[in-house]
Amino acid sequence: MPNPSSASASSSAERRAISDHLHLSRGAGPQATRHEANARHGDADLASALVLALGIGPGARVLDVGCGTGEIALRLGEAVGPSGRVAAYDYAPAAVEAARARGVRAEVADAAHLPEADADADALLCAYAAYYLPDLRAALAEWRRVLRPGGRLVVAGPAADSNAELYAFHRAATGRGPGDADRLALGFVARDVAGALGAGFDTSRTGTFVNVVVFPEVDEAIRYWTATSLFARTVPPEEERSAVERGRRILEAREAPLRVTKRTTVLGGVRR
Ligand SMILES: C[S@@+](CC[C@H](N)C(=O)[O-])C[C@H]1O[C@@H](n2cnc3c(N)ncnc32)[C@H](O)[C@@H]1O
């Protein structure tokens, strides 16, 4: 079980450097790979749970901040229908391009500087991105600005005990534990975002969403693993090949396929 240190201990510059490496230097491919695997091999649908938590239906105006490659924004669009509006933002141009290719209305913007009018949005989602933001409080103030009074904020991210089986496998294959990106992310929403939300929001509820992902094929498990921030931040380039070979041998020797229990904290707030 990982034992992450408090994400709030990392500096703004460190967060930004980790995010820039994962999302600007590596492009959007790894994100899309992980999404596809979670959807194909998972037993639960996070996007539906997020739509429910956002409380949105036809006609709603929704923002998706840190939208990545747009899979969730697309689902928000289905929920609000043609009379609604979903605007998706990400600071990484490659992610925005991938989201647009899916038909999502996406633009490059920083989470703390949204090109949106005051008090216009009914709901705002930030999924698996809050821990990358250099200044969480500035982002929360911006999200408060763009939400109407009574509008819903939903912030989602990995619970402290998410992905435990993946960490055990990674340790067996590489001898390494979770890296800086994992320490940043694990438990961040329940701890840091929940702690900061009180400035401007009433907490509506927090829940944990569980998705068990089972990789029937070794190749698919390897593809997922090498697309994670865990792999990208802990395996030096010169060791990648040998790590993959060891990982493959471990998986091929197992009787059961690799399963990874993803636990997502879903935190809801209502704009005061
Ligand atoms: C792990 S992905 C999550 C994508 C999507 N929300 C999802 O759940 O599938 C994190 C995203 O946050 C974006 N991001 C990081 N820092 C950001 C910032 N300061 N402003 C806007 N987006 C940011 C990254 O570019 C990346 O696309």
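The model is predicted: local features need pLDDT of at least 70, side-chain atom pairs count only at pLDDT 80 or more, and totals for chains, interfaces and linings use all residues. Residues are numbered from 1 along each chain as its sequence is written.

Let me begin with strand 1. Helices (H or I, at least four residues) and strands (E, at least two) are DSSP runs, numbered from the N terminus. A residue is called buried if 20 or more other C-beta atoms lie within 10 Å of its own, exposed if 12 or fewer, and partly exposed in between, with C-beta atoms placed from the backbone. Arg61, Leu63 and Val65 point one way from strand 1, while Val62 and Asp64 point the other way.

Which strands pair with strand 1? Two strands pair if DSSP finds at least two bridges between them. Strand 1 is joined to strand 2 (residues 85-90) by 5 bridges, and the two run parallel. In this pairing Val65 stands opposite Tyr89. From strand 1 the chain passes through helix 4 to reach strand 2, in a right-handed β-α-β crossover. Right-handed has a set meaning here: with the strands pointing away from the viewer, the path from the first strand over the helix to the second runs clockwise. Strand 1 also pairs with strand 4, in the parallel sense, over 3 bridges. Val62 stands opposite Ala123 in strand 4, and Leu63 stands opposite Leu124.

We move now to strand 4. Here 7 of the 7 residues are buried, so strand 4 is largely enclosed by the rest of the structure. A parallel pairing of 6 bridges joins strand 4 to strand 5 (residues 147-158), and Ala127 has Ala156 as its bridge partner in strand 5. The chain crosses from strand 4 through helix 6 to strand 5, again as a right-handed β-α-β crossover.

Strand 5 is also joined to strand 7, by 7 bridges, and these two run antiparallel. Pro158 stands opposite Thr264 of strand 7. Strand 7 (residues 258-271) is mostly covered, with 10 of its 14 residues buried. Strand 6 (residues 201-215) pairs with strand 7 in the antiparallel sense over 14 bridges.

Next, the nonpolar cores. A nonpolar core is a set of buried Ala, Val, Leu, Ile, Met, Phe, Trp, Tyr and Cys residues joined through C-beta atoms within 7 Å. The largest has 64 residues, and Leu50, Val62, Leu76, Leu124, Leu125 and Ala130 touch the most other members. Strand 4 contributes the largest share of this core, 6 residues. A second, separate core of 16 residues includes Phe169, Phe215, Tyr224 and Val260.

What surrounds the ligand? There are 20 residues around it, and the closest are His23, Gly66, Gly68, Ala92 and Ala129. By class, the shell has 11 nonpolar, 6 polar and 3 charged residues. In this division Ala, Val, Leu, Ile, Met, Phe, Trp, Tyr, Cys and Pro count as nonpolar, Asp, Glu, Lys and Arg as charged, and the others, Gly among them, as polar.

Finally, some residues in loops. Most residues other than glycine have a negative phi. Ala119, however, has a positive phi near 50°. Ala119 is found in the loop between strand 3 (106-108) and strand 4 (121-127), and is partly exposed because 13 other C-beta atoms lie within 10 Å. Tyr128 likewise has a positive phi, near 55°. Tyr128 lies in the loop between strand 4 and helix 6 (136-146).

Gly179 lies in the loop between helix 7 (164-174) and helix 8 (180-185). Gly179 and Val235 are 56 residues apart in sequence and 9.3 Å apart in space, C-alpha to C-alpha. Leaving aside neighbours within four places in sequence, Gly179 is in contact (C-beta atoms, placed from the backbone, within 7 Å) with Leu230, Arg233 and Thr234. Thank you for your attention.

How values were computed. Near = placed C-beta within 6 Å. Contact = placed C-beta atoms within 7 Å.
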